Amino acid sequence: MLKVKNLICGYDKRKVIRDISFSIEKGDFIGIIGPNGAGKTTLFRAISNILKPWNGSILYKDKDISKILPRDFACEVAVIPQILEIPFAFSVEEFVSMGRFTHLGRFQTWKEGDSRILEDVLRVTFTSSLRKRKMFELSGGERQMVILAQGFAQEPVLLLLDEPTSHLDIFHQVQILDLIKNLNREKELTVVVVLHDLNLASSYCDKIILLDEGKIFREGSPQEVLTYQNIEKVYKTIVVVKENPINLKPYILLVTEEERKRKKRYKN
Amino acid sequence: MDKKHILIFISLSGILVIVFVLSNLVGSSQLTFSKSIYYLFHPNASGMGRDIIWQIRFPRVMLGLLVGAGLACCGVVFQGLLRNPLAEPYTLGVSGGAALGVSISVVFAVSTISMASFAFLGSTISIFLVYAIALRKRFSNTTLILGGVILNFLFSSLVFLIFSISRAEDVHGIVLWLMGDLSSAQVSLIKFMPFFIFPAICLLFIFSRDLNILTLGEEKARHLGVDSNKVKKVLFLTASCITGICVCASGVIGFIGLIVPHFMRKVVGVDHRLLLPASCIAGAIFLIFCDILARVIIQPLELPVGVITGIFGGIFFLCFLLKSKHLELF
């Protein structure tokens with residue numbers, strides 16, 4: 001569905017992504033992880049058709065994405081960025097409706113079908129009761145759900161998310177990722193998500209891409225990628241990886257400096 | 001659009017008609033109120049009164065309508081595009097740029113039409129300057145307004161530089177005009193204006209849905225299917241043109257583009273498909289109303305209308321600043 005070939009890109013003169021290739025198939029749930037500055041967001045901006053590649057290509061359904069019109073792209077791909085400022089006091093309903101406009105012509109008006117889709121996405125994101133509220137009145141978790149609802153209103157086949165759960169409490173983290181996972185399972189929605197939290201990535205993603213200094217360090221199932229060797233090498237910190245007793249996926253435990261010292265003392 | 005909005009639009013239109021008619025009836029001349037009504041409804045009658053109404057007052061009110069509507073719409077568009085509630089032709093330095101253009105053209109004594117193009121050129125250059133400054137500083141609210149204020153200072157200094165080195169009789173008329181004045185426009189320009197301003201405002205309406213989405217930022221707008229670069233260019237150019245023409249016809253009238261959209265957001269909400277037409281009508285009402293005040297407050301003398309809008313605007317700005325905790329949340 002999405003093919004990235006020998007991608008090199010960055011900002012101004014600073015090269016961030018140094019030769020990355022991978023491909024995404026329909027129905028995939030892919031997590032992109034890596035330390036700060038590894039190029040996660042840059043890669044994300046490249047595949048969401050914002051940043052132009054310096055070299056290499058990004059193909060969506062075998063078409064160069066820089067040649068696809070924003071309108072046509074938005075009909076198939078919904079993008080949820082990490083930060084979204086909303087300077088004007090739009091209501092939830094108005095905000096979510098904006099997701100439909102890519103399917104409407106300039107002089108076409110809102111139809112019954114659009115209202116039905118609006119109701120649907122509000123319902124699945126549990127935001128029906130918020131519809132008349134203003135965006136700035138919402139809590140962080142509610143706000144993220146509404147932003148997601150706007151993305152769903154585009155009726156995407158590919159959903160790109162950049163750290164959708166950062167700054168959220170565990171209830172909302174799980175609620176949001178569960179919702180996306182369900183759509184992935186039931187409607188074959190293809191998902192690419194940048195995540196900071198390794199344990200969330202392990203629990204939800206079928207495939208993980210671990211980035212380091214603008215390159216792919218490892219790529220594969222959570223079990224293959226999330227080993228203590230890989231993580232210690234890339235993140236330059238000591239971790240212990242155990243098996244999560246509930247889903248049998250890797251679970252990463254941090255080790256503080258104090259404990260590291262204590263361990264050493266025992267050894268001596 | 002529900003019942004509430006229809007009601008709002010009907011009442012706005014009603015108020016516009018009332019101030020429009022009223023504005024034709026008051027003025028500094030000795031014409032009585034009842035005579036004015038008579039002449040207004042008998043445009044084919046003869047006499048001095050008819051000339052005062054139809055040759056002096058009517059074009060002036062028409063000009064107020066066009067400039068008020070135009071500047072208010074520009075305010076809405078600039079605020080949406082720059083995602084900044086304080087943006088408007090005046091605070092962005094666009095009016096200042098246009099004023100500089102016109103001052104240069106007056107010194108070189110060019111024709112009316114080239115004067116308009118000088119004004120347009122000035123406003124376009126300054127909006128791109130502000131845009132470039134803002135782009136470098138990631139569109140932060142402070143830099144944007146600061147940039148506009150600095151440009152305004154720069155331009156007005158240049159305007160005064162031009163004044164100080166040119167002959168007094170050349171610049172005498174322009175001083176009043178700089179303060180914002182509806183009385184000094186040439187009738188030829190007023191006749192031409194509707195054919196430009198109305199289509200330009202219609203163009204803005206056509207893009208109002210895109211403008212809604214653009215308030216979420218250039219990138220998110222692209223994600224939602226709006227060709228941000230193209231739409232931004234169209235809207236910037238159109239709004240700059242409108243500003244240029246308005247400044248050319250009536251000088252620097254500040255704050256309309258600021259007060260009217262803010263007030264209308266309280267009334268109809270932030271959706272630009274309603275906000276733009278509402279601000280358009282309200283802007284016309286506001287400027288015509290201010291012009292009535294400008295004509296009657298110190299009768300038989302007249303004030304430049306820019307003084308009135310400036311006083312209203314300044315007070316509004318202050319109250320807004322003191323009252324609002326979330327300046328960003330408009």
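**Reading helices, contacts and backbone angles**

Tutor: Just after α3(B), B:Arg83 adopts a positive phi of about 55 degrees. The model is predicted, with local features requiring pLDDT of at least 70 and side-chain atom pairs pLDDT 80 or more, while totals for chains, interfaces and linings use all residues. Residues are numbered from 1 along each chain as its sequence is written, and chains are lettered from A and ligands numbered from 1 in the order in which they are written.

Student: Where is A:Leu248 placed, and where is B:Phe255?

Tutor: A:Leu248 is in the loop between β11 (239–243) and β12 (250–254) of chain A. B:Phe255 is in the loop between α11 (228–250) and α12 (256–268) of chain B. Helices (H or I, at least four residues) and strands (E, at least two) are DSSP runs, numbered from the N terminus.

Student: Is A:Leu248 buried or exposed, and is B:Phe255 buried or exposed?

Tutor: A residue is buried if 20 or more other C-beta atoms, placed from the backbone, lie within 10 Å of its own, exposed if 12 or fewer, and partly exposed in between. A:Leu248 has 9 other C-beta atoms within 10 Å, so A:Leu248 is exposed. B:Phe255 has 26 C-beta neighbours inside 10 Å and therefore counts as buried.

Student: Where in α3(B) does a kink lie?

Tutor: A bend is the angle between axes fitted to the seven residues ending at a residue and the seven starting there. In α3(B), a kink of about 35 degrees lies at B:Arg57, shortly before the proline B:Pro59.

Student: How many residues of chain B are in contact with chain A?

Tutor: Contact requires C-beta atoms, placed from the backbone, within 7 Å. By that criterion, 21 residues of chain B are in contact with 22 residues of chain A. On the chain B side, α9 (208–214) and α10 (218–223) are the elements giving two or more residues, and α10(B) gives the most, with four residues.

Technical notes: Contact = placed C-beta atoms within 7 Å.
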